[in-house]
Amino acid sequence: MSIQLFGIPVSHGVAIGRAVLVASSRVDVAHYFISPPQVEMEVERLLRARDAVAAEFDQLKQELPADAPAELAALLDVHLMLVRDDALIGVARNWIVERHYNAEWALSSQLEVLARQFDEMEDDYLRERKADLEQVVERLLAALVRSPGEPAGGALPLMNARDFAGPDPVVLVASDVAPADMLQFKRSVFTGFITDVGGRTSHTAIVARSMAIPAVVGAREASRLIRPDDWIVIDGDCGVVIVDPSPIMLEEYRFRQRHSELERARLDRLRLTPAVTLDGQPVELLANIGQPEEAAIALQAGAVGIGLYRSEFLFLNRGAELPNEDQQFEAYRDAVRAMQGLPVTIRTVDVGADKPLDRLTIQELRHGHVLNPALGLRAIRWSLSEPAMFRQQLRAILRASVYGRVRILIPMITHEVQVHATLDALARARRQLEEAGRPIAPVEVGVMIEVPAAALHLRPFLRHFDFVSIGTNDLIQYTLAIDRADDAVSHLYDPWHPAVLKLIALVIEQVTAAGKPVSVCGEMAGDPAFTELFLAMGLRSFSMHPAQLAAIKHRILRADAQRLSTFLNEVLNADGPEARALVLLGRPGSH
Ligand code: PEP
Ligand code: MG
């Protein structure tokens, strides 16, 4: 029977495929596809782990003191029975052979299936045996860690299409996926994804959009209700997930899928057309990237530069070790080279909040946890608390400057004292390189405006920085006091809120009046619903995921910026829904 689940649409389009479940965080294990020649070895690994755990139980049983309670021996018998049971090991083995899951993934998937069966049991005693099963699987997973296979690593590595055995397209269903793991999707087989948690501008959602794969987040119970191999339709436009769709539904969605592919192909033809409004105003369309390899994709999509290179992805998923100066330099240089002289805006590391480092911060070491990560030691606050690391990053960026046109962007700055500390660190990094005889080219330094305090008091930033980039994702979060990653309050995360629009308009106006360039690099820049409004505010530089460039260009080509600007005051003085209606009035064909 088909069921529908509702979540937050975060990446457009329709995906149809069979469900691949990544088990909940209860069992935090590596998930990857093995290649066909590795299947036999992986099955061996699983069976070795089974034998090792069974031997452990046997030994424990033999060593039981004579006066041990009888229940203990009985419990060990249950565990021994479970570890040898075909419903666990036999089926996990099939996952490896048929689906090419690694052994840990196969085991944890089968644990999910069996755990659900236990949950449904009427008999209390039997239902409680679920805990035994979990303990047995935990032991098996620990035994697998002791017997490493290839290629292992962090969560979700290496989901290569060539390694995947199944003939049908697959969609990923997970409780949550960390931003760093999401990057692995770039090389993956998944045609869509669904998570139980997350909001529209959580970093997981941002990465999904950058890959243009349909996605729904915040679907609450999805990973519990969906079973492995279920057929799934993801409607990334409406936030609907259909499990086990009827043939008629499937036909309808296949039609929509073809339609959006055609639409995308049509927009792609605009790739090389310059972005100029109907009244002749040129608009700069830049790309947001997270990895150097994406620079080529940005160029291919027609971007005239990189407006935001999120350098933090280099810092995530690497255990306690951070990238050294040379490793960073190489990544920055590769992006700069790929852009062939076009500007590359490298943002200094923005870790913290929903992009935590694997390594604990000093604050976490001291307090054991972070009280409120979104308001804590993130972005420039963290960089300034780690001066040696910060200078190292600045040196790496400066060294890349000789390979093209580099701009440095500082995230989440609010206080003038941070401005001075940042510029001092930069001057020191520059001096160190000069003393070492390393060549450096001129580099512009810009500031991200993402906190209302900074938007309302721009003077210190305008005085010291060369350009401004508005980070609307955080500006909305901090203006409305809504955690952008929390699906429980995502309905209140409203980019149309008059306070948000006023702040953005204020920043664009003041920066433009000061004769400095201003851009928007948050998700609003890539949302066609806001293109006319931004043009009306005087914005002439947008930065977004490469996949969104064509749709925004399409809107710009049909817009009359001069005419739109006459609506601005009315829009800014309207309340949320009215503002939306007024923007529609400014659209071509509506007058
Ligand atoms: C923003 O806050 O709008 C932004 C672009 O930065 P990030 O999404 O990486 O926080
Ligand atoms: Mg931000």
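Biologist: Which residue stands opposite I242 in β8, on the side where Q4 belongs to the question, or put simply, what does Q4 face?

Modeller: Q4 stands opposite I242 in strand β8. Keep in mind that this is a predicted model, in which local features need pLDDT of at least 70, side-chain atom pairs count only at pLDDT 80 or more, totals for chains, interfaces and linings use all residues, and side-chain values use heavy atoms, with hydrogens and water left out. Residues are numbered from 1 along each chain as its sequence is written, while chains are lettered from A and ligands numbered from 1 in the order in which they are written.

Biologist: How many bridges link β7 to β8?

Modeller: There are four, again in the antiparallel sense, between β7 (residues 231–235) and β8, with V233 opposite I242. These two strands form a hairpin with four residues between them, and G239 in the turn has a positive phi of about 80 degrees.

Biologist: Why is β8 described as covered on both faces?

Modeller: In a regular strand the side chains alternate between the two faces of the sheet. In β8 (residues 240–243), V240 and I242 lie on one side and V241 and V243 on the other, and all of them are buried, a word that means under 20% relative accessible area, with exposed over 50% and partly exposed in between (1.4 Å probe, protein chains only).

Biologist: Why is Q340 called exposed?

Modeller: Its relative accessibility is 64%, and because the cut-off for exposed is over 50%, the label follows. Q340 is found in the loop between α11 (325–338) and β11 (343–347), and has a positive phi of about 50 degrees although it is not a glycine.

Biologist: What makes A481 count as exposed?

Modeller: The relative accessible area of A481 is 69%. A481 is in the loop between α18 (472–480) and α19, and its phi, near 55 degrees, is positive in a residue other than glycine.

Technical notes
Pairing = 2+ DSSP bridges.
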